[in-house]
Structure formats: structure tokens, C-alpha cells
Amino acid sequence: MTSKKITLIYPFAYGYLDFVVQELRSNPNIEVTDIKTDTIKYTYPNVFVKIWNGITKLFGSNIKKKYFNQQVLGKIKEKQDIIFVIRPDMLEDSLLKKLKANTKTFTAYLYDSCKKFPRQLDIAPIFDEIYSYEKEDIAKYNFIETSNFIYDERLEPEEIQYDLFNVSSYDSRIDEINAVSKILSESGLKIHFVLFWFEKLVYPHLISTTQYLTLEETKKLIAQSKAMIDIQREDQKGLSFRTFESLGYRKKLITTNAAVKDYAFYHPNNMLVIDSHHLDPDVIKKFLELDYVEIPEDIIDKYRVTNFTKKIFKL
């Protein structure tokens with residue numbers, strides 16, 4: 001039997017895509033090429049090359065970009081059945097066209113809305129298939145609907161130390177997250193809010209870190225908490241991985257994304273939608289006291305990484 005050749009190209013994704021790669025590699029009839037674009041680093045051999053690159057960039061040439069493109073193309077040894085790209089807007093048109101010429105099906109998965117990254121629309125015609133979890137973009141641009149996925153369901157029991165756990169990056173949500181952490185903490189709830197940025201930040205109820213939490217570290221904190229709280233960006237309507245972690249680990253979720261109510265796995269005992277600007281801690285405390293309701297296995301199965309992989313890669 002001829003092997004199916006699949007290449008995945010994607011930037012740093014917290015390790016979520018590693019589970020997709022593992023799922024593909026578990027199939028003996030699939031040859032997987034895994035290209036993590038954030039690991040491709042160009043080092044100037046000397047200061048003169050760096051100066052020269054600064055000059056040539058003025059005329060549209062860039063040594064670092066040329067190196068990056070060569071490294072990506074060099075990892076693909078023969079024509080592929082599927083090349084799957086996340087954040088395709090980060091790649092140059094010339095590279096995208098060469099990739100398309102080297103595969104039967106050229107597929108994109110958009111992690112963000114076209115409002116946030118409008119270049120996604122400019123390059124859309126290059127792709128054979130475009131997947132998205134943003135319903136507005138799906139309806140407007142005829143993208144294929146998908147969602148993030150449950151990547152893990154094994155949670156080792158831990159002593160509960162926190163009522164609520166949150167991990168976020170420093171971005172446009174910071175004032176909202178800071179305000180929510182203040183209200184919840186002052187109400188007597190035990191919170192553990194982790195804030196990632198490349199330099200130390202000072203917020204009274206947030207734990208600043210300059211290192212991304214690994215999935216294992218996140219998993220341990222989830223196990224130590226009664227519930228997770230997810231504060232999504234205003235430009236994102238699709239469900240974050242926090243939603244699918246809560247589903248897979250059978251943990252309660254508090255979220256600002258009302259879209260969870262539209263899914264079959266939603267249950268008011270398990271998921272609470274809040275308005276962060278009109279927050280009532282008493283509502284959250286009552287929610288935490290409710291018994292978790294098990295979701296039917298057939299519903300959970302639809303959102304497992306196995307089914308995500310089958311759908312995207314036509315298995």
C-alpha cells in the first residue's frame with residue numbers, strides 16, 4: 001500500500017499540534033513531515049553580512065527570509081498528498097506558491113479571524129481548502145468549519161488548591177483580566193492567574209512569568225483547581241483550547257465566550273458564561289458548588305484529536 005505523504009507547517013502552538021503529529025504518525029501508512037517554523041533561526045556569520053542584509057532589504061531582498069524559505073522547502077523531499085499550514089499569513093506568497101506546486105491538496109487552518117489578520121484573505125485563493133473556527137468568516141468566505149480539539153483526557157488527581165485558574169498572554173485583554181482578578185480575589189475566591197510576557201510585569205493579583213507554561217505545568221494547575229476561567233479576545237468568537245481542556249479533563253469552565261452555549265457539549269452545571277464587565281462573584285461561587293454533569297461519550301468523541309485528524313487529512 002502506498003503511503004500517504006503529509007506535511008504540517010506551523011509556528012509555536014504550545015504543543016497542541018504535537019498531538020496531531022502523534023496521531024498521524026501512529027498510522028503506518030502515513031509519512032509525516034513536521035515543520036515548526038519558530039525553530040528555523042538564521043544566524044548572521046558576521047557583522048558585515050548583517051549590515052549588507054540591512055542594505056539589501058531596502059531593495060526588497062532579505063537574507064533571513066531567503067534562508068527561512070530554503071529551510072522549509074528543503075524539508076519536503078518529494079511531492080506531498082497534503083500540505084497543512086497554520087498561520088499562512090506569516091509566509092511569503094512566493095513560498096506559498098512553491099508549496100502548492102509540491103502537493104496535491106494545499107490546506108490552511110486559520111487560528112484567527114480575517115479581521116485580525118486581513119492578509120489571510122489576500123492569500124486565500126492559493127489554497128485548495130481553508131478551515132476556520134470563526135463562524136462569521138466561515139459564512140462570509142465559505143471556509144470549512146472546524147474547531148479545536150481535545151488533545152488529552154488523563155488528569156492525575158491533585159489536592160485542590162485554587163477555586164479558579166487562568167493563564168493568559170499580555171495583550172489587549174490585560175485591563176479586563178486585571179479587573180476580573182481583582183474582583184474575584186477580593187470576593188474571597190482563591191485564584192491562580194498566570195500572565196505570560198517576555199519581561200516581568202507587576203499586577204497585584206497576577207503571577208508574572210517570562211516563560212510559557214508547558215502543557216504539563218498547565219495540566220497540573222488545572223488538576224489543582226475547581227474550574228478554569230477563560231477570557232477571550234473580543235476579535236475571537238471561536239472556542240479556545242481552554243474549552244476543550246475542560247471537556248477532556250471533565251473540569252468546570254467559566255468563559256466570556258457565549259458561543260459555548262451553541263455546542264452539544266454545553267451544560268450549565270459545567271460551563272458558565274460571564275460578562276466580565278458586570279461580574280458577580282456570588283454567581284460564580286454558586287456555580288462552583290454544582291455537581292459536574294458527565295457529557296455523553298458520543299458527543300465528546302466528535303471533538304477528540306482523532307476525529308479532528310481524520311477530518312482535516314481525509315483519513
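**View A. Strands 11 and 12 run parallel and are joined by three bridges.** Strand 11 covers residues 252–255; strands are DSSP runs of E with at least two residues, and helices are runs of H or I with at least four, numbered from the N terminus. Two strands count as paired if DSSP finds at least two bridges between them. M271 in strand 12 is the bridge partner of L253. The model is predicted: local features need pLDDT of at least 70, side-chain atom pairs count only at pLDDT 80 or more, and totals for chains, interfaces and linings use all residues. Residues are numbered from 1 along each chain as its sequence is written, and side-chain values use heavy atoms, without hydrogens and water.

**View B. Six strands form an open sheet with parallel pairing, in the order 9-8-7-10-11-12.** Strand 9 (207–209) and strand 12 (271–273) are the edge strands, each pairing on one side only.

**View C. Helix 9 (residues 241–249) packs on the sheet.** Contact means heavy atoms within 4.5 Å, and helix 9 touches strand 7, strand 10, strand 11 and strand 12. The direction of helix 9 makes about 155° with that of strand 10; axes are lines fitted to C-alpha atoms, for helices over the stretch in contact, and angles run from 0 to 180 degrees between N-to-C directions.

**View D. Strand 4 (residues 103–110) is mostly covered.** Six of its eight residues are buried, that is, under 20% relative accessible area with a 1.4 Å probe, protein chains only. Strand 4 pairs in the parallel sense with strand 3 (residues 80–86) over six bridges, and with strand 5 (residues 129–132) over four.

Conventions
Buried < 20%, exposed > 50% of the residue type's maximum accessible area, 1.4 Å probe, protein only.
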